[in-house]
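Thanks, everyone. Please keep the structure open as I talk.

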Amino acid sequence: MHRTNVSRKIFLVLAITIGIVISGCTARDPVIVDQVAPSTDSEATANAGSPARLADIQIELQKVAEGFDQPLYVTGAGDGSGRLFIVEKTGRIWILRDGERSSEPWLDISDLVSTESERGLLGIAFAPEYGQNGTFYINYTDSSGTTQLARLRTTPTVNRVVKDGLMEPLLSIEQPYSNHNGGMLAFGPDGYLYVGTGDGGSGGDPHGNGQRTDTLLGKLLRIDPESEPTSSPDKADSRYRIPDDNPFAQGTAGYPEIWATGLRNPWRFSFDRTTGDLWIGDVGQNTWEEIDFASAQGGLEPGLNFGWSELEATHPYPPDADPPNTRSLTAPVIEYDHSAGSSVTGGYVYRGSQQPELSGIYFYGDFGSGRIWGAHNEEGTLENRELLQSGVQVVSFGEDDEGELYVVDFNGALYRLVAK
Ligand SMILES: [Ca+2]
């Protein structure tokens, strides 16, 4: 879901070949590359009993549903209804309730969406008050390949959303190439909507978008779409508010929507629902995949620069470049090279109740290799360990309302991630 179709097909062939070759060998495990460890969550761990070390953890995937068309995301609505919403790249969203899939799509915008390469309906976020106000947000590429962020309002319990006349465009971002469109949407602990954008695509960030502040590409954006819009002469048509502490809130040194810079394709990111910590899976170029992290202790820090395209994970980019001045760059907390995978998929910290031994573990995976790893703060040190060779195309993880975790297989199935 992160590269062109052509390269994906090539990769799949390679993966099959390599899978055979390395089955008896040890691929290089991801490594911890920074001393910044996630905040210890003593309350949650206390509630869950003594957390097991990762060496004691075994997980498996249990199939929940199948037959979806290029599914790439799953989430609950946060309304306590117990429903799961499965997003298909082609523009449809289905409801799964008690394992039963809705007979019709809950939302169908397939007539609006371009789907070639990495384009499509890529993300959805339900407003924190969705159960009361029925507001949700979607991120898709339109028929021109332009990224569109839109708001929809419906009744919270509706079984089928009629989009016509209800879609409110919030933000458009022109895409110079068909890949690296980001697409993830999530509300943070501050109640603001975070929007992942890729660097615009091609390869190697040819326009330097990751480090530029005069483009919304290669960023994590942050807006407040649930409050009264920012009113200023040049924002007369704005349909959202700019948080006051966005790094360029005044709009003079960069776009006011920018919250973090230096990202290549932050395909999936999440907030720890207990601590508020931010975890980002930023897809690498040719060699290194990375997990970025921002602690919520003391508040999430605006203006972090995650390095791309001066760095690919912790390594100078291009590889023959001199090391950049890294003092102002935020290094990933985990990186792995392409002996272990090809395209990282950021996941979630498990905060559910049904798998207490998994509590506090951050799960992430790789789209190409199907591996799933766990990372965990063990007495101030980040532990990291491969937990499963899943055999599926791990395109996304997702949480239901109760914090139970799911894995989306781009081949069409939905799995629940459980302790074995
Ligand atoms: Ca980086």
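Let's start with Gly365, which sits in strand β23, residues 362–366. One caution before we go on: this is a predicted model.

Is Gly365 buried or exposed? It has 30 C-beta neighbours inside 10 Å, so it counts as buried. The cut-off for buried is 20 or more. Who are its contacts? Leave aside the neighbours within four places in sequence, and Gly365 touches Thr345, Gly347, Arg371, Ile372, Trp373, Ser390 and Val394. Now look at Leu387. It is 22 residues from Gly365 in sequence, and the C-alpha to C-alpha distance is 9.7 Å.

Next, the sheet around that residue. β23 belongs to an open sheet of four strands, in the order β22-β23-β24-β25, and the pairing is antiparallel. β22, residues 344–349, and β25, residues 381–389, stand at the edges. Each has a single partner strand, so one side of each has no neighbour in the sheet. On average, neighbouring strands here are turned by 20° against each other, ignoring direction.

Strand β24, residues 371–378, runs antiparallel to β25, and eight bridges join them. For a landmark, find Gly374: its bridge partner in β25 is Arg385.

Now the whole protein. It has three helices and 28 strands. There are 420 residues, and buried ones make up 50% of them. Consider the contacts with a separation of 6 or more: 60% of these are between residues 24 or more positions apart.

Second stop: strand β17, residues 278–282. Five of its five residues are buried, so the strand is largely enclosed by the rest of the structure. Both faces are covered. Leu278, Ile280 and Asp282 are on one side, with Trp279 and Gly281 on the other.

What does β17 pair with? One partner is strand β16, residues 268–271, antiparallel over four bridges. In that pair, Ser270 stands opposite Trp279. The two strands form a hairpin with six residues between them, and there Gly276 takes a positive phi near 85°.

Another partner is strand β18, residues 288–294. It runs antiparallel to β17, with five bridges. Leu278 has Ala294 as its bridge partner in β18. This pair is a hairpin as well, with five residues between the strands.

Last stop: backbone geometry. Most residues other than glycine have a negative phi, and most peptide bonds are trans. Here are some exceptions to check on your screens.

The peptide bond from Trp308 to Ser309 is cis, with omega near 5°. Ser309 lies in the loop between β18 and β19. Tyr317 and Pro318 are also joined by a cis peptide bond, with omega about -5°. Pro318 is in the loop between β20 and β21.

Then phi. Asp98 is not a glycine, yet its phi is positive, about 50°. It is in the loop between β5 and β6. With 7 C-beta neighbours inside 10 Å, Asp98 counts as exposed. Ser202 has a positive phi too, near 60°. Its loop runs between β13 and β14. How exposed is Ser202? It is partly exposed, with 14 other C-beta atoms within 10 Å.

That's the tour. Questions, please.

Key:
Residues numbered from 1 in each chain as written. Predicted model: local features only at pLDDT ≥ 70, side-chain atom pairs only at ≥ 80, totals over all residues. Buried ≥ 20, exposed ≤ 12 C-beta atoms within 10 Å, placed from the backbone. Contact = placed C-beta atoms within 7 Å. Pairing = 2+ DSSP bridges. Axes fitted to C-alpha atoms, helices over the stretch in contact; angles between N-to-C directions.
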